[in-house]
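Subject: Structure handover

Hello,

Please find below the structure I said I would pass on. My notes on it follow.

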Amino acid sequence: MFVATKLIKDCTSGTKAQYRSDIDGLRALACLAVVIFHAFPDCIKGGFTGVDIFFVISGFLISSIIYRNIFNKENPGHVNIVDFYIRRVRRIFPALIAVLVTVLVLGFCLLQNEELKRIGKHVFAGSTYLSNIMLYFESGNYFNVESNQKPLLHLWSLGVEEQFYLIFPLFLWALYKIKFHFLFALTLFSVISFVGNLYAVNIGKSSYAFYMPWTRFWELSLGAVLAYAYMFRPKFLSACTHKTTANILSISGLVLIIFGYFTIQNSGNFPGSIALIPVVGSMLIIAAGKEGFINKYVLSSKVFIFFGLISYPLYLWHWPLLSFAYILSGDLPLLWIRTVAVILAIVLATLTFYFIEPPLRYGSRPKFKALALFIVVLVIGLIGLVLSLSNNHGDNLNQKAINSEKIVDIKPLIEKCNAVFPNWSPVGGNDLPCMLTNDDGHNDVAIIGDSHADEIAPSLITLFGDKHSLAVLPTTCMAPLINIGMDDEWRSKMHQNVIEAYDYVLSHDEIKLVIMAHLPNGKEYDVENKNLSTYDGVYQGALRTFKKLKEANKEVMVIVDHPGLPFNPAKNTHGILRNLFYPKYRYARTHYENDVERNNYYHPVIKAAHDFDNVTVVELTDLFCDAEFCYSKNPWTEDGEDMFRDNNHVNVKGADMVAKYIDKEIDKVFDKINKK
């Protein structure tokens, strides 16, 4: 109880405020929801809204401290910014340092080169409280599969919070100095931020609204509005704390929060207006005070207070453990693994609260401790930066490096294509060059798709020899379907490359066969009708593409892509413990039916293909998988040669294997053409 007593004393020192055990309970309600959402996503689909509750609580508590300084009768208008940040550093850094160091150590022991490089980048962003900005510019959706493999993803919320406190104390101090109406200014501040959030969501930039600080500030500032009304509006306080009113407020608040947990989905409209549900719910509970029924008998119970006290370290610990489990499993980890991860997170959070935080957060020499903590975090951040910039020959798509391994000299092929498509590569940031084996108008096969079309093209060209000639028209991340775009603002116009490719194919009678190769990413949508689901949009895109090619007497070959791997099987690895989790050659992800993104793309494409006799579907799964596993190395050869250069791109040997496999199917298609 020493630590709990210290915490209470620290929260109330120098004030006449009373410790609010119910707010600790509300913290617990928020934190446990986030943990359950991450560990058991089917239980409470809206559990991620616990972070929104954290924001309101933080805005209420921290602004209360600032108000007490500004409106202190003995020294009015005084805000000791240095002291404020010293307290923040001592409060936040000890647990953060423990987690960052642990993530780095686990990274060295378990991760491949490129994964470790990414961890370094995220450690740097986390130590500088820029995680939310970095994640946005990674174009990372908080809810997508790739995000599960980012152990420091959750630090985005700390970034938003600290960015808020970088400006908010100065904002309040300025309001006091110019004698501006506090409640009006705070409300206006909240409204402007909220409107910015709504605007971003309504124009389809939900990731921007989710991660950017100014579209999230309203949640913290509404807590500040509540704190001001609670402290300086006696009528508001007396009305809220009246027993009947308090009971109604606390019950209504809990109902709203629970309703949000079970109804809010991780869709593209969050935060948006729907974020008002957890925000208003938490405000109602706080406004009810200690005597509200839920506050007094539920949130102030010993269990909720305990989890409220460890909520910050628990929030920090739970996600890295679960994320490493995702990385090692390659998919949703088994239930027992997730359960063990949660139990371990609770144990680590408790140990952090009792043994790591107290000596650094409390006691004498606060400035020295804060400076030492700051330097340690700075060093950790620099280590992360060095890792992120290290040249470890990882798996980034580097066309020059990849092409140097391939037999065919593609430079003259690119030059031929550039003469026809001078602006091909720069469109929308596309970094994949087009290629023509023969001069314009003298190629009989075209391959359209993304990097998965590009990676097998040189092998096909080499294999074809004089038998066939190939037009290679790839576009980064784009599905090879007419007017099927990608829900990603950086690539929002790149489907125009695909349209240009089909215009070329349809206008050249010499092209008899069109090969489609694409790695589904789950973000495909119908440009012509954005209201359609991914499945229906892809289906309509496949129908119109197959129809146009049918009308132009073109044969079509749809390549159902090889399954991805759970991690990058780079040759130079730091994953010294990886073999403890995987037997030789075996990896957890099996056939493509287990991959949601693949399901959402290939099922409607294959369904549409059934209506067209000019479409052939070629499945690559049998090349890489048996009935139980899929492999990064070839288990059917004596030397077990590598087939992949990262977790979803094949290397030269893998590309040669794919090319030989589909070449047999190409021969069958041309036999069919010749018989017509």
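**Buried charges and salt bridges**

Arg88 is buried, and so is Glu162; buried here means under 20% relative accessible area, exposed over 50%, and partly exposed in between (1.4 Å probe, protein chains only). The two side chains form a salt bridge with the closest N and O atoms 2.5 Å apart, where a salt bridge is a side-chain nitrogen of Lys or Arg within 4 Å of a carboxyl oxygen of Asp or Glu. The pair links distant parts of the chain, since Arg88 sits in helix H4 and Glu162 in helix H7 (residues 156-177), 74 residues apart. Helices (H or I, at least four residues) and strands (E, at least two) are DSSP runs numbered from the N terminus.

Before the rest, a word on provenance: this is a predicted model, in which local features need pLDDT of at least 70 and side-chain atom pairs count only at pLDDT 80 or more, while totals for chains, interfaces and linings use all residues. Residues are numbered from 1 along each chain as its sequence is written, and side-chain values use heavy atoms, with hydrogens and water left out.

The count of salt bridges comes to 16. Among them is the one between Asp22 and Arg20, with the closest N and O atoms 2.8 Å apart; both of these residues are buried. Another joins Glu219 to Arg216 at 2.9 Å, N to O, and again both residues are buried. Through shared partners, salt bridges join Asp52, Arg216 and Glu219 into one network.

**Chain totals**

The chain has 27 helices and eight strands. Of its 676 residues, 56% are buried. The chain exposes about 28900 Å², of which carbon and sulfur atoms supply 61%; accessible areas come from the Shrake-Rupley method with a 1.4 Å probe, and for residues only the protein chains shown count as cover. Of the contacts (heavy atoms within 4.5 Å) with a separation of 6 or more, 78% are between residues 24 or more positions apart.

**The sheet**

Six strands form an open sheet with mixed pairing, in the order E1-E3-E2-E5-E7-E8. Strand E1 (435-436) and strand E8 (615-619) stand at the edges with a single partner strand each, so one side of each has no neighbour in the sheet. Two strands are taken to pair if DSSP finds at least two bridges between them.

Strand E2 (residues 445-449) pairs with E5 in the parallel sense over five bridges, and Gly449 has Ala517 of E5 as its bridge partner. E2 is also joined to strand E3 (residues 470-474) by five bridges, again parallel; there Ala446 is partnered by Ala471 in E3. E5 and strand E7 (residues 555-560) run parallel with five bridges between them, and Val514 stands opposite Val556 in E7.

Strand E5 (residues 513-517) is largely enclosed by the rest of the structure, because five of its five residues are buried. In a regular strand the side chains alternate between the two faces of the sheet. In E5, Leu513, Ile515 and Ala517 point one way and Val514 and Met516 the other way.

**Nonpolar core and surface patch**

A nonpolar core is a set of buried Ala, Val, Leu, Ile, Met, Phe, Trp, Tyr and Cys residues joined through side-chain atoms within 4.5 Å. The largest one has 120 residues, and Leu26, Trp156, Leu172, Tyr315 and Leu316 touch the most other members. Helix H4 (residues 81-110) gives the largest share of this core, 14 residues. Leaving aside neighbours within four places in sequence, Leu172 is in contact with Ile66, Tyr67, Ile70, Phe182 and Leu186.

On the surface, Ile343, Leu344, Val347, Leu351, Tyr354, Phe355 and Ile356 form a nonpolar patch with about 620 Å² of accessible area together. Patches are made of residues with over 30% relative accessible area and no salt bridge, like charges being joined within 9 Å and nonpolar side chains (Val, Leu, Ile, Met, Phe, Trp, Tyr) within 5 Å. Leu344 lies in helix H17 (residues 335-361) and counts as partly exposed at 39% relative accessibility.

**Backbone points to check**

Most residues other than glycine have a negative phi, and most peptide bonds are trans. The peptide bond from Phe270 to Pro271 is cis, with omega near 10 degrees; Pro271 is in the loop between helix H12 (243-263) and helix H13 (276-288). Tyr129 has a positive phi, near 55 degrees, and is buried with a relative accessible area of 12%. Lys179 also has a positive phi, about 60 degrees, but is exposed at 72%.

Regards
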